[in-house]
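Please open the model in a viewer and keep the sequence panel at hand.

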Amino acid sequence: VLLDGVVALMKGQNDRAEESFLKVLSLDPVNARANDLLALMLIESTDKADQARALSYAENNTSRYQNNPQANITKAYVLYKMGRVNEMQQPLQIGMKGQLQTDSAYLIARIMADYGDKVKARQALEQVLAQKQGLFIFRKQAQELMDSLNKE
């Protein structure tokens, strides 16, 4: 079911992805990956209620898995997207201390690019885009960000 949600998310089928992630969480409420992906999907919505739900999922994860890099990067990204930059700093620092998955590295690159640190963003993107093994959910978005940085 989690993989169904991942595939739907990668295809831009957010309703189907949300349904799959919620099903996973109904069976396994502490599933870190489903919580993270649901938060990352919901934060892209323009609906304030969806954004609040995104923060709730991200906070649930960091309260359970306090030192988990992915959970902390997700929370930092959600706070960042909500404009709560000061609150973003602590989970971002915790997340950057650990071994990052490609998706988390992309989220950090996105934040760096938006803050004008385009050199570091480009370096991070080069590293993650060079990785050919493993699941990289946000590969398309990472490539689009890299393309836009290279045009500048």
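Begin by selecting helix 4 (residues 48-64) and helix 5 (residues 69-81), whose axes lie 9 Å apart and pack at an angle of about 150°. Since angles over 145 degrees count as roughly antiparallel, helix 4 is therefore roughly antiparallel to helix 5. The crossing of these two helices, helix 4 and helix 5, is left-handed. The model being viewed is a predicted one.

Next, display the side chains at this contact. From helix 4, select A54, L55, A58, E59, N61 and T62; they meet A71, N72, T74, K75, V78 and L79 in helix 5.

Is Q51 buried or exposed? Its relative accessible area is 12%, and the cut-off for buried is under 20%, so Q51 is buried. Leaving out residues up to four places away in sequence, Q51 touches L42, I43, S45, T46 and M82.

Now move to helix 2 (residues 14-27) and select S20, which is found there. S20 has a relative accessible area of 9% and is therefore buried. Apart from neighbours within four places in sequence, S20 is in contact with V1, D4 and G5.

The next selection is the nonpolar core. Which residues have the most contacts inside the largest nonpolar core? They are L9, Y106 and L125, in a core of 47 residues. Helix 7 (residues 102-114) gives the most to this core, contributing eight residues. In soluble globular proteins, nonpolar side chains tend to be buried together.

Centre the view on L9. Residues up to four places away in sequence aside, L9 touches N14, A17, F21, L37, M41, I137 and F138.

Finally, select helix 7 together with helix 9 (residues 139-151). Their axes come within 10 Å and cross at roughly 30°. Angles under 35 degrees count as roughly parallel, so helix 7 and helix 9 are roughly parallel to each other. Helix 7 passes helix 9 in a left-handed crossing. The contact is made by Y106, A109, R110 and A113 of helix 7 with Q141, A142, L145 and L149 of helix 9. The residues of this contact of helix 7 with helix 9 divide into six nonpolar, one polar and one charged. Y106, on the helix 7 side of the contact, is also one of the residues with the most contacts inside the largest nonpolar core.

Conventions: Residues are numbered from 1 along each chain as its sequence is written. This is a predicted model: local features need pLDDT of at least 70, side-chain atom pairs count only at pLDDT 80 or more; totals for chains, interfaces and linings use all residues. Side-chain values use heavy atoms; hydrogens and water are left out. Axes are lines fitted to C-alpha atoms, for helices over the stretch in contact, and angles run from 0 to 180 degrees between N-to-C directions. Helices (H or I, at least four residues) and strands (E, at least two) are DSSP runs, numbered from the N terminus. Angles under 35 degrees count as roughly parallel, over 145 as roughly antiparallel, 65 to 115 as roughly perpendicular and the rest as oblique. A crossing is left-handed if the near helix is turned anticlockwise from the far one by less than a right angle, and right-handed if clockwise. Contact means heavy atoms within 4.5 Å. A nonpolar core is a set of buried Ala, Val, Leu, Ile, Met, Phe, Trp, Tyr and Cys residues joined through side-chain atoms within 4.5 Å. Buried means under 20% relative accessible area, exposed over 50%, partly exposed in between (1.4 Å probe, protein chains only). Ala, Val, Leu, Ile, Met, Phe, Trp, Tyr, Cys and Pro count as nonpolar, Asp, Glu, Lys and Arg as charged, and the others, Gly among them, as polar.
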